[in-house]
Amino acid sequence: MIADNIHIVNDTLYFAGKSTVELAEKYGSPIYVMDENKIRENCRKYINGMKKYFGENAKPFYASKACSFKKIYNIVESEGMGVDVVSVGEIYTALKAGYN
């Protein structure tokens, strides 16, 4: 099954409404892209599930080892999640993103 944020139009792959050809032309290739709306949607699913099954004070934590950079920390923090950091680099990046 193809994700709901991936489409092919006239032999061009679109991700989150953006042409991957245009993204590659603008930023070069290889390129790593993420769908902020989908990340936020998934954060909300985790938050709602945790609250439903573990109570209103339950708080999911994002595992930094999955992907550690400031924007992802900004997103998960704004959605109400915590972050799990273990390395000095993850701690440094989370602090630079505004986690205390």
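Author: Gladly! In the hairpin of S1 and S2, which has 2 residues between the strands, Asn10 takes a positive phi near 50°. This is a predicted model, where local features need pLDDT of at least 70, side-chain atom pairs count only at pLDDT 80 or more, and totals for chains, interfaces and linings use all residues. Residues are numbered from 1 along each chain as its sequence is written, and side-chain values use heavy atoms, with hydrogens and water left out.

Reader: Why are S1 and S2 said to pair?

Author: Strands (DSSP runs of E, at least two residues, numbered from the N terminus) pair if DSSP finds at least two bridges between them. S1 (residues 6–9) and S2 (residues 12–15) have 4 bridges, in the antiparallel sense, so they pair by that definition. His7 stands opposite Tyr14 in S2.

Reader: What makes S2 and S3 a pair?

Author: S2 and S3 (residues 18–19) share 2 antiparallel bridges, and at least two are needed. Phe15 has Lys18 in S3 as its bridge partner.

Reader: Why is Ser19 called buried?

Author: Buried means under 20% relative accessible area, exposed over 50%, partly exposed in between (1.4 Å probe, protein chains only). Ser19 has 7% relative accessibility, so Ser19 counts as buried.

Reader: Which residues is Ser19 in contact with, leaving aside neighbours within four places in sequence?

Author: Contact means heavy atoms within 4.5 Å. With those neighbours within four places left aside, Ser19 is in contact with Thr12, Leu13 and Tyr14.
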